[in-house]
Amino acid sequence: MGVLSGQIRNLALGIIRNNGRILVSPSYDKVKDSSFYRLLGGGIYFGETAIDALHREFREELNVEITNCKLL
């Protein structure tokens, strides 16, 4: 999926702040052979809202419930 396959994938990403810090996840791009950091979250399923996707992703990835969500 993604740009290489000619499809657009909508993402819901969360900015989690705590005492001036932002929670990010390290990752690696095999194509660019480069490390990077990204916000936590993931893809939005068809018919799912961005907020619902964000709640689902945090449950799946971190087994936590998030609160006080606002769309930016």
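This briefing covers strand pairing, a surface patch and salt bridges in one structure. The model is predicted: local features need pLDDT of at least 70, side-chain atom pairs count only at pLDDT 80 or more, and totals for chains, interfaces and linings use all residues. Residues are numbered from 1 along each chain as its sequence is written, and side-chain values use heavy atoms, with hydrogens and water left out.

**Strands and their pairing**

- Strands here are DSSP runs of E with at least two residues, numbered from the N terminus.
- Two strands pair if DSSP finds at least two bridges between them.
- Strand 4 spans residues 24–29, and strand 5 spans residues 34–43. The two run antiparallel and are joined by 6 bridges.
- V24 sits opposite L39 of strand 5. P26 has Y37 of strand 5 as its bridge partner.
- Strands 4 and 5 make a hairpin, with 4 residues between them. In the turn, D33 has a positive phi of about 50 degrees.
- Strand 5 also pairs with strand 1, again in the antiparallel sense, over 4 bridges. G14 has L40 of strand 5 as its bridge partner.
- In a regular strand, side chains alternate between the two faces of the sheet.

- Patch residues have over 30% relative accessible area and no salt bridge; nonpolar side chains (Val, Leu, Ile, Met, Phe, Trp, Tyr) are joined within 5 Å, like charges within 9 Å.
- Accessible areas come from the Shrake-Rupley method with a 1.4 Å probe; for residues, only the protein chains shown count as cover.
- I15, I22, V24, Y37 and L72 form a nonpolar patch. Together they have about 600 Å² of accessible area.
- I15 lies in the loop between strand 1 (11–14) and strand 2 (17–18).
- Buried means under 20% relative accessible area, exposed over 50%, and partly exposed in between (1.4 Å probe, protein chains only).
- I15 counts as partly exposed because its relative accessible area is 43%.

**Salt bridges**

- A salt bridge is a side-chain nitrogen of Lys or Arg within 4 Å of a carboxyl oxygen of Asp or Glu. By this rule there are 4.
- R56 meets E48 at 2.9 Å, N to O. Both R56 and E48 are buried.
- R56 also meets E57, at 3.1 Å, N to O. E57 is buried too.
- R59 and E65 form another salt bridge, at 3.5 Å, N to O. E65 counts as exposed because its relative accessibility is 57%. R59 is partly exposed, with a relative accessible area of 38%.
- Salt bridges with shared partners link E48, R56, E57 and E60 into one network.
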